Amino acid sequence: MVRNSQQCYSSANFISAEHLDFLHVLITWKSVVSLLRPLLLDVVPSVRQTAALGLGRLADYNVDLAEAVVKAGILPQLVRSLPEENRYYKKTAAFVLRAIAKHSPQLAQAVVQSGALETLVICLEDFDPGVKEGACWAFDYIARHNPELSQAVVEAGAVPLLVLCIQEPEIALKRIAASTLSDISKHSPELAQTVVDAGAIAHLAQMIPNPDAKLKRQVLSALSQIAKHSVDLAELVVEAEIFPVVLTCLKDSDEYVKKNGATLIREIAKHSPELSQLIVNSGGVAAVIDCIGSCRGTVRLPGIMMLGYVAAHSENLSMAVIVSKGIPPLCACLIEEHEDHIKAAAAWALGQIGRHTAEHARHVAGANVLPTLLDIYVDTRSSEDLKMKAKKALKNILQKCTHLPALEPLLHDAPPSIMKHIIGQFSKVLPHDSKARRLFVTTGGLKKVQEIKADAGSLLQEYINAINNCYPEEIVRFYSPGYSEILLERVESYQPVL
Amino acid sequence: MAAASGGREEGGSMAALARLQERLSELREEYFLANRSIDEDRKIKYRAAVKIQSWFRGWRVRAYLRHLNAMVILIQKWWRGYRCRKHFRKMLEIQKRWRGYYVRKYIHNYYALKKYLQAVSVNNAFVRSELQEYVEMKENEEKMKDLEKKEKEKKYQARKMHYLLSTEQIAGIYNSPFRKSPDPMELLLRNSKPLSHRRKQVKSPFAYELYDWPTCKKPPAFVTALPLPPIGRQKPQGPFRDTAEVLWQRYKPLEPTLRVAESINSPLEKAREGIKREEWRNPIHDNEFLPFSSYHKNEDEKYEPSLCKSGKYVREAYGTKHFREVYPNKWIADKDFRTVVPSIFLFEKFGKTYSRAGQIV
């Protein structure tokens, strides 16, 4: 009899719910839940285990099934019987809890309300690494949804045990514990502080050089979630001596390790100029630039934002970014990438680099960035956000740019809002530089300026007047539109002197 | 009065004169009084006039003085201001130069910035080269791992297909007579040992538990298949039972009760472990005594003599050839033991505190 029921329900598990996609079959499986429920109270331990496993698989597959499992009142029974059972049952029960909690915050709340957190903490204290892993995973999926649930997890006293789990030798356990710490600390600074107080940073920092790629992903993600909240937390992370080890992560073969490494550096750099200075001094900027050059797609995004943040703090840092050859990869990003948000980030970063002084603007303009930005701004397919960022970047750079050959090509196709800045710059530089005046005439710039129609009294008109005042009357008249007609009319009306 | 006196002029001019004379004394008094009052008036008026005039003059002078004062103040003001400003301009000049110098030297030091940027680029180049080396190292490691894996695969294949080795009479498939030299596979076959049929268990059950249980992807194994007997074996001669039956009986799986199977503190496990421990602890020799028939098969498991009996290159003769120490003098020295620790004074007195009267010396 025992064998029979065991084998019957093991066969139920082998027809795993993954193969079934139909709604009426779902309804059938829901009734299976009510069948499985009494088996949880069976005398034979294997039957209990297998029943729990079946419930877990059902809940894992679909939200409705998970809700059915919760509604059938299985959770209190599971939670109550957990401490006396053996390690296989504990693992399976943790699997069930995690399968339910992963779908939505309400289900996770239901799991918490059934008193699962204390039992999961008991599981975390167990000796078997598999049980610990199951419990960690369940905590992870619960804490992921919102700050209140994370707070509940922290109040259950899970954090010190998680920090202990990180130090265990099994890689899978380390991975999942790091992921849990990351999900707990991502919600708010207080939670991050709790994680830091448990001494997590030192252990996480020690695991950065580990060769396992998935572990590195989780560790870097955890550190970046901690560092992102405030300057103090970022300084604490930096004090754990992650530089320059983190830079080796930027050269890893796994794309997501690179992305998370760049995210970590970005979160540290964005808080204050001193931290950015530290990163520049340790060569972080060069590593990030190389990383941007070698990746494609969303993986580049944190690196681009990091360069923008570093350059935004002060002009010396911005010059350091320029000197580390940061502008060509950013320009390449602008041109190559298809996603709008990455282009917007690249445009923003270039704006931050070029906005400080004329030198910076010259470097940025020299990389042939301005026509690209203008194209993006004018392009109808760009999203609103992208257009706005491109415009702001253009404005910032143009207001400082005194390098006229770079401004030249923009004259010809700029829309009026940008034109005013370009003409403004010309009007500032031309009165003082005679060679530039000559060049301006020969390259057809003066002609273009005459063709611009501006409202009288507007800023644009003032700039145009300032430019016209730099040149003698004849030239201005020569280049004004319709001059050839005027001349021809004069020819027509001329009475030849016989 | 005049009319009355005029009317009575002819007859009354004498009377008028008398009347006038009567009033003469009064007249004098009147005249005196009138002059006196006028005099006093005049004095008062005079004093008043003087007062007024003095006041007015004083006011005028004061006004003039005030005006002068104001002018003086104005002029002094302007003068002092001008002087201070001149002085200030001189000071300002100095301060300007000082501030420019200070800012250029310490705050916006152009040359320091230039040096810093150069240092940054040098550091960047260094970091880049280091990272490049790291990447190359990783790639090399991966390549080595791949190569090793391939080598292992090849060797395993060679061992498995050892029967394809060419013999004296028949050339194997890798050693075609039309080739100039044998195929590398042939050489590999020559160097490899034939694979014995028993392969070691690769997966440990512990690893299986860890990685598959939490994801609950692999089901708990319910072993139901029986081990099959080898194919085509000759039935051994003699009154033996059927091989399949024998094997079934011999390899019948353990069917412990569930209580025993699931509890890690089961007495069966403990008993087994106890026996194992005893066995591990007791033997003198690690390798069990091997049967002679398989002596040549497993050549790497040779008989190793015990440590006590093996000398540097050969087995020691002591214990088999001779049993007594040959050079006794090696071990007997003429020097007595050297005391390292100073003797305890109290113990020196042992047996010597009392007299030696009763002792046999």
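Guide: Let's start with A:Asp183, which counts as buried at 8% relative accessibility. Here buried stands for under 20% relative accessible area, exposed for over 50%, and partly exposed for anything in between, with a 1.4 Å probe and protein chains only. Before going further: this is a predicted model, where local features need pLDDT of at least 70 and side-chain atom pairs count only at pLDDT 80 or more, while totals for chains, interfaces and linings use all residues. As for bookkeeping, residues are numbered from 1 along each chain as its sequence is written, chains are lettered from A and ligands numbered from 1 in the order in which they are written, and side-chain values use heavy atoms, with hydrogens and water left out.

Back to A:Asp183: its partner in a salt bridge is A:Lys186, with 3.6 Å between the closest N and O atoms. To count as a salt bridge, a side-chain nitrogen of Lys or Arg has to lie within 4 Å of a carboxyl oxygen of Asp or Glu. A:Lys186 has 25% relative accessibility, so it counts as partly exposed. Widen the view and you get a network: salt bridges link A:Asp140, A:Arg144, A:Asp183 and A:Lys186.

Over all chains, the structure has 28 salt bridges. Another of them joins the side chains of A:Lys91 and A:Asp128 at 3.9 Å, N to O. That pair ties together distant parts of the chain, 37 residues apart: A:Lys91 sits in helix H6 (residues 87-101) of chain A, and A:Asp128 in the loop between helix H8 (116-124) and helix H9 (129-143) of chain A. (Helices, H or I with at least four residues, and strands, E with at least two, are DSSP runs numbered from the N terminus.) Both A:Lys91 and A:Asp128 are buried.

Hop over to chain B for another salt bridge, where B:Arg281 and B:Glu278 bring their closest N and O atoms to 3.2 Å. The two share helix H8 (residues 267-281) of chain B and are 3 residues apart, about one turn of the helix. B:Arg281 counts as exposed at 55% relative accessibility, whereas B:Glu278 is partly exposed at 39%.

A patch is built from residues with over 30% relative accessible area and no salt bridge, joining like charges within 9 Å and nonpolar side chains (Val, Leu, Ile, Met, Phe, Trp, Tyr) within 5 Å. Lys and Arg count as positive, Asp and Glu as negative, and His and the chain ends are not counted. On chain A, A:Lys391, A:Lys392, A:Lys395 and A:Lys420 form a positive surface patch. Helix H27 (residues 384-400) of chain A gives the most to it, with 3 residues. A:Lys392 lies in H27 and is exposed, at a relative accessible area of 55%.

On to the rings. There are 11 aromatic pairs over all chains; rings of Phe, Tyr and Trp (its six-membered ring) pair if their centres lie within 6.5 Å, and planes under 30 degrees apart are stacked, over 60 edge-to-face and the rest tilted. A:Phe478 and A:Tyr483 make an edge-to-face pair, 6.0 Å centre to centre with 70 degrees between the planes. A:Tyr483 is buried, with a relative accessible area of 18%. B:Trp98 and B:Tyr101 have ring centres 5.8 Å apart and planes at 45 degrees, so that pair is tilted. Both are in helix H2 (residues 9-107) of chain B, 3 residues apart, and B:Tyr101 is partly exposed at 40%. Ring pairs join B:Trp98, B:Tyr101, B:Tyr102 and B:Tyr106 into a cluster.

Last stop, the backbone. A:Phe243 and A:Pro244 are joined by a cis peptide bond, with omega about 0 degrees. A:Pro244 is in the loop between helix H16 (231-239) and helix H17 (245-249) of chain A. A:Glu241 is also in the loop between H16 and H17; its phi is near 60 degrees, a positive value in a residue other than glycine. A:Glu241 counts as exposed, at 64% relative accessibility. A:Asn368 also has a phi near 60 degrees, and lies in the loop between helix H25 (358-366) and helix H26 (369-378) of chain A.

Definitions and conventions:
Accessible areas come from the Shrake-Rupley method with a 1.4 Å probe; for residues, only the protein chains shown count as cover. The place of a charge is taken as NZ of Lys, CZ of Arg, CG of Asp or CD of Glu.
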